[in-house]
Amino acid sequence: MEANEILKKYWGYEQFRSPQEKIIASILSKQDTIVLLPTGGGKSICYQVPALMQEGLCLVISPLIALMKDQIDQLNKRNIPAAAVFSGMSFAESESILSRAAFGKLKLLYVSPERLQNDTFVAWLSDISLSFIAVDEAHCISQWGHDFRPAYLAIGNIRQQFPQTPFMALTATAPPSVLSDIIQHLHFTQYTLFQSSFVRKNLSYAVFSIENKMQKLFEILKNVPGSSVVYVRSRFKTQKIAEILQQNGFSADFYHAGLSNAVRTQKQEAWIEGRIKTIVSTNAFGMGIDKANVRTVVHLDLPSSIEEYYQEAGRAGRDGKKAYAVLLCNDNDRQQLQEKTTHQFPDIALLRKVYQALGNFLQIPYGSGENTSYDFDLHRFSQQYDFKPTICLKALKLLEQSGYITLNDAAKIPSRFMFTADRYQLYDFQLRVPQYANFIKTMLRSYGGILDYFVPINEGVLGNYLKISLAQVVQMLQFLAKQNLGHYLPHKEQPQIFFVTARVSEQNLLLAREKIAQLKLSEQEKIYSILAYSLNDSVCRTIQLVQYFGEKNNTPCHICDVCVARHQTALSSTEYKNVYAQVMQILDKENLSLQELSLKINHPHKNKVVLLLRQLLENGDLVQHASGKIGRR
């Protein structure tokens, strides 16, 4: 089938967005391909469509279990054969999935980067016909990326084993330094780069430096109809803000990763279907959610980086219609964020202490635990060892970036079941134990493929259909497993700690002081960038954002708060000519600071004069010297 036919059949779209079709053509021609598309730009289709067009398996490397699961759910709903193998999965389930892949029953297989460090898996992979390898969230390969994962550095090593297999690297946020690392570490020599503009023409950015944030939030939500997301940095604040909104007559609810699977699903669906207008959330909300008509994204707290802000703000207006991304902050917020790297960046001694406590908490003997996953409760761990949760999480992230562990957030993984007995054995069992006959028949009718591989099941739905309790359903599934008729895997939603290496003693923990210092410096630079964005009210917001990502763009968006304010305070044509003439005449004699120059201009509205001077600087008509003085070009 042709690409357009596949797009229509499985996604229902009539045509590709630019430059999706060219990206697909590139990977089909066996060309290494780099895809830099902004959030909502349709990156997934760029590798999913060509995976269906070719013989063999597309291996997708992805960093997060939740991200893998969202992708798999979407693909399976479209009847596209895809599965994932990730930490925390049972041996039986992973073997079942790898077996399906080996027999050509899958088109896409999602794995974590750590999986490529497993010699057994790499050996298995060498016997598989691969169409190409897609590296999703490729910015994780860079130490300067906002979510560095050491295992990503090893991805390029498998190129030696698959020299003829093309690679596709995809990400939404890659400044020039990160792009350079992607090219270097994936060993790209000849490649095609597709980079869409980071400009979102329909998205109006605004920053309000304000003390009374709630009053401003009320104003925004009243004036902008449609769905909204309000981001905050703590779980406690999600509930508090949602309650205040409800008390003031707004349709609102809260969401964070600490809620149960069922509750999160219920809240998410209510918001997606429009029954709840505003969701107040931590950054746990938004990943994999395909809701095009979000009109407003409001940040009540400063994000940690431009990358984080751009990605979250970009969840507004994916339908191409006018939408708003609003950042509400004040001097106190800025001070707290500046102090973050000073007070919340653990030193070497604390890292060793956290690592030692982690091994004890999970009861891992020295020399054990390599390539093993463990359920993990951050709150209980922090409480038991008297760590502040925020500092503890930062320490775990640094241990991750040092290559010892991987920390995966809670993923909504449903219960799974697979019959290991064939139909004849099941029939014989039903004759011997007739009270299970209806239960087994219902399972076989309800879940296609349950005899061949693990399928997601819903114990509650089964119980309602069979008119038995949830506890009875679980009991019957467990009994079938005990009779060696099948494998039952209850749902899981706890975060996972994956030990990349065997546990070592505290003294043998190798932590490079220089590397950690570099990571701290990198984090500080990211914080300074978002602080500068929040304070800069003279340059178009879109220009500020896209230039951060290395895009040369000096065209104002005309819809952000800076552009709108400039338009409202603009000089008339006659005023402009008069002020311009004064500026040039004054600067013919001497260079002056912006303030000194504005005071010398004969005009009643000094704010308009300052805006004009800044515009002349942006346009290159004037230059600002190292001394800070302004002069003619």
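## Basis and conventions

Helices (H or I, at least four residues) and strands (E, at least two) are DSSP runs, numbered from the N terminus. The model is predicted, so local features need pLDDT of at least 70 and side-chain atom pairs count only at pLDDT 80 or more, while totals for chains, interfaces and linings use all residues. Residues are numbered from 1 along each chain as its sequence is written, and side-chain values use heavy atoms, with hydrogens and water left out.

## Overall dimensions

The protein holds 25 helices and 21 strands. Its radius of gyration is 28 Å, close to the 26 Å that the globule rule gives for 633 residues, so the protein is as compact as a globular protein of that length. The radius is taken over C-alpha atoms, and the rule is 2.2 Å times the number of residues to the power 0.38. Along the principal axes, the C-alpha trace spans about 105 × 60 × 60 Å.

Of the 633 residues, 53% are buried. Buried means under 20% relative accessible area, exposed over 50%, and partly exposed in between (1.4 Å probe, protein chains only).

## A three-stranded sheet

Three strands make an open sheet in the order β14-β19-β15, with antiparallel pairing. Its edge strands, β14 (372–375) and β15 (405–408), each pair on one side only. Two strands count as paired if DSSP finds at least two bridges between them. Neighbouring strands of the sheet are turned by 20° against each other on average, direction ignored. That angle refers to axes that are lines fitted to C-alpha atoms (for helices, over the stretch in contact), and angles run from 0 to 180 degrees between N-to-C directions.

Four bridges join β15 to strand β19 (residues 496–499) in the antiparallel sense. Ile405 has Phe499 of β19 as its bridge partner.

## The second largest pocket

The second largest pocket contains about 470 Å³ of space. A pocket is found on a 1 Å grid over the protein atoms alone: whereas a cavity is a set of points where a 1.4 Å probe fits but cannot get out, a pocket is an open set with protein on both sides within 12 Å along at least five of seven lines, and lining residues have an atom within 4 Å of a point. Grid points are joined across faces, edges and corners, and the volume is the space filled by probe spheres set on the points.

The lining has 21 residues, and Phe91, Ser94, Glu95, Arg115 and Asn118 are the closest to the pocket centre. At least two lining residues come from each of α5 (91–102), α6 (119–125) and β14. The largest share is from α5, with five residues. By type, the lining has seven nonpolar, 11 polar and three charged residues. Here Ala, Val, Leu, Ile, Met, Phe, Trp, Tyr, Cys and Pro count as nonpolar, Asp, Glu, Lys and Arg as charged, and the others, Gly among them, as polar.

## Backbone features in loops

Ser18 and Pro19 are joined by a cis peptide bond with omega of about 5°. Pro19 sits in the loop between α1 (3–11) and α2 (20–28).

Asn79 is a non-glycine residue with a positive phi, near 65°. Its loop runs between α4 (65–77) and β3 (82–85), and Asn79 is exposed at 66% relative accessible area. Asn371, also not a glycine, has a positive phi of about 55°. This residue is in the loop between α13 (348–361) and β14, and Asn371 is partly exposed at 36%.

## Val85 in β3

Val85 belongs to strand β3 and is buried, with a relative accessible area of 1%. Its C-alpha atom is separated by 7.6 Å from that of Ser112, 27 residues apart along the chain.
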